[in-house]
Amino acid sequence: MSPTALIVDDHPSFRASARAVLESEGFDVVGELEDGASVLEAVVALDPDVVLLDVQLPDMSGFDVCALLEDCEARSGRVILVSSRDLADYGDLVESSCACGFVPKGDLSGEVITALLA
Amino acid sequence: MSRVSISELVVALEDGAPLRDALASALRDDDLAVLYWLEERQGTAGGGWVDPQGHSADEPIAGDGRSVKLVEHDGRHIAAIEYDAALDDEPELLDAVTAAAGLALQNDRLQAELRAEVAFWDTVTNTVPSLLATVDTDGVIRNLNAAAVDVAGHEDKRDVVGRDYWDVFIDAWEREEVRERFAALAPDFPAGEYENTFVNARGDRRVVFWRTAPVHDANGDVVAIVSGGADITMRRKRELELERERDVQTTVFDSMPSIMVALAPDGTIRDRDGDDPSVGANRAFKKAVDWPDEQLVGRPFLDILVEDDDGRAARAIATAAGGDTSDYVESALLSADGSSRVFVWSAIPIADVTGRMDHLVLVCGADITDRYRLEAEQERERAFLYTIANNAPSLLCLIDERGVMTERGANIAFEHTLEYEPAEIGGQVFWETFVDPSEADDVRNAIIGIAAGEMPAERDNTWTTKTGRRLSMAWTCTPLPRIDERTLLLVTGIDITERKRVDDDLRASRARLVRAEETARRALERNLHDGAQQRLVALSVALRLVETRIDSDPDAARKVLAGAQIELGHALEELRELARGIHPAVLTDRGLRAALETLAARAPFAVELDAPEERLSTDVEAAAYYVVAEALTNVAKYARATSAQVTVRRDDGALTVTVADDGVGGADPGKGSGLRGLADRVAVLDGTLAVDSPPNGGTTIRAELPLAG
């Protein structure tokens, strides 16, 4: 059974690229979201294996969303933060969040995601 | 009782018995008295009766059992016999007795006369204050009167008579010399005058003035020398005292720093003394006016005054001539060399010690030339400081340590700036009247601290004007040197309200520029992030996809490549847009007019452009470009305009950029960061931005940019 993924990003072009890359590498993209407000509800409903979460969302930051998910009992999937910026731009924010990893958007591939989930 | 016979009387007289006793015995009348008539009685107006001893006697009058018989000779009274009236029964007896006594009576009368005369002179010499002494040719005192005895220091004449006069009236050290002088006068002993000082028998120092004259006998020989003298001890003492007093007065007179000059009541300058023709003025006067004495004595005092226009000097002298002290007068006195010095003087009536006039006028004064000069200098200095104070732009005022403003203790700037009249300022408590109530305590504490010795420092506080305007003042308070035990402090303030406003504006403008810059950077980052970067990320992912599929699914890979091509085109276009936003390349390469043409071409409404071709400084071109760009953006966003006019004019020293639209107007330059950002950008170049936007009247934005040089 293919691992399921939820993509949260306000840029449609990235969502499209990410879906193409993940699906070509065996992921089942179960949903796409363009802001942080609906993430919790979608995670409860879809229960994805991985949430690909953009750091710079229009309504809140990926770290804020992370904190929400951490408090959620229903969550079973893992969060991977993605950004067009470099990991160093965020200091220790990524480290101290509940996310299990960070991937620069340009480096996104199923292989990297699988490695982080392992 | 039987009468004495004539023969008995004659025998008695021949025996030398006193005539009265002989007569009393002959007539058997014990109370009988004989009086003699003296034709010239010394000390009285005419003749008079005396007793046989020469003492004055009352006129003999018959009565009370007594009778009087007058004895005459050659028709003149000689004597009167007062006898028992019972003898009147025997007139023959009386006549016989008086006839027998006739010669004796005559003789006795002469003796009485002599005695009377001696008694008179004795009385006179002993009662007059003058000294009288008779000295023989050997210098032995023969006689002297009571005054002379007293001067000699004795009580009794007998202690003195018979001694050499130099032993009595001359001090021991001088006796030999006097004795020799006396001997040298012999035998004529001419009349002379002497003054001598000696210590008498009582030890008193006496001064005697003697006048002597010789007494000659019938042969013309000198038998005695009579000396009349006067005790001048007191007078001499007084004279000495007076002399000493005059010496002291003269010394004081001459050593006084005040000028003094004696004038006759007519105002002419006096000499010093009858014996001293030098001017009656002290050294200070002579030194001050420097005239030769002969040019001053007799000259009217007013003559050496530079002027007496108001007649005050003349009045002062007249006042003193009238016996009163005058008021003070200030006069310049002329010196011989033509220079003058200023004196303050008064005229005082004084006694003339030389006794030549009732009184004199003493002009007594002090040289105030230096004080005058000093006062003039101080006055000039004061005027100078006053001018500075009143022309200074700073606010200046003087207060005491309780903060009370002194009368007229504020300069014009203070009055004008704080809107008070000069008369309203004195007496006000500085911090209560001129300082904003919320800061009065701060100011009061600062001033009291400085008055108590703290270091003055510049402070900023809010002062208030009379009409309640609040002024930002930078001020200091400095203690002045103490005068008359009074502490005065000088408060100096500068109205920095305008400067502060400009400063505040500048700060705000800078802050806005920094914020605008920050905002622009954020926008740029956001734009890069949201635009080109996302597209490049997508391209990167797409190329990886192509790589993984190019062998397994070449069609799909070709499709992804085509999409990537479009994506790349978008990315390039977005980057170009961004670059233009940062600084349009056309402005740098081809200038303002070309850049404005690009802006006009891209505007979604008609733009009429009128701009010169010439190149300007980079700053001015950029500012003008952004004014137009922002204005056109605003027109597109808010104005609902159909057209706009962009005009650029280069006038003398300034570039004027105008953007006018035909839209709805009502733009508020205070709102929205766009217009204010433009104003800031223009202000950096010392330019101005004006917005005219009446409702429904379109909007005109006009920027004036100074051109350097």
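## Helix packing between and within chains

Helix α1 of chain A and helix α15 of chain B cross in a left-handed sense; a crossing is left-handed if the near helix is turned anticlockwise from the far one by less than a right angle, and right-handed if clockwise. The model is predicted: local features need pLDDT of at least 70 and side-chain atom pairs count only at pLDDT 80 or more, while totals for chains, interfaces and linings use all residues. Residues are numbered from 1 along each chain as its sequence is written, and chains are lettered from A and ligands numbered from 1 in the order in which they are written.

Helices (H or I, at least four residues) and strands (E, at least two) are DSSP runs, numbered from the N terminus. α1(A) covers residues 12–24, and α15(B) covers residues 497–549.

Two packed helices are described by the angle between their axes and the distance between the axes. Axes are lines fitted to C-alpha atoms, for helices over the stretch in contact, and angles run from 0 to 180 degrees between N-to-C directions.

| Helix pair | Axis angle | Axis distance |
|---|---|---|
| α1(A) and α15(B) | roughly 20 degrees | within 9 Å |
| α15(B) and α16(B) | roughly 160 degrees | within 9 Å |
| α18(B) and α19(B) | about 15 degrees | 10 Å |

Angles under 35 degrees count as roughly parallel, over 145 as roughly antiparallel, 65 to 115 as roughly perpendicular and the rest as oblique. α1(A) is therefore roughly parallel to α15(B). Residues are in contact if their C-beta atoms, placed from the backbone, lie within 7 Å.

For the chains as a whole, 13 residues of chain A are in contact with 14 residues of chain B. Helix α15(B) supplies 13 residues of the chain B side, the largest share. That side holds five nonpolar, five polar and four charged residues.

Within chain B, α15(B) also packs against α16(B), residues 554–582. The two are roughly antiparallel, and their crossing is left-handed. Their contact comprises 20 nonpolar, four polar and four charged residues.

Further along, α18(B) (residues 592–602) packs with α19(B). These helices are roughly parallel, with a right-handed crossing. B:Leu592, B:Leu596 and B:Leu599 are among the α18(B) residues in the contact, and those of α19(B) include B:Tyr625, B:Val628 and B:Leu632. After α19(B) comes B:Arg640, with a positive phi near 50 degrees.

Where does B:Arg470 lie? B:Arg470 is in strand β17 (residues 470–479) of chain B. B:Arg470 has 11 C-beta neighbours inside 10 Å and so counts as exposed; the cut-off for exposed is 12 or fewer other C-beta atoms within 10 Å, for buried 20 or more, and partly exposed lies in between, with C-beta atoms placed from the backbone. Leaving out residues up to four places away in sequence, B:Arg470 touches B:Asp436, B:Thr462 and B:Thr464.

Technical notes: Contact = placed C-beta atoms within 7 Å. Nonpolar A, V, L, I, M, F, W, Y, C, P; charged D, E, K, R; others polar.
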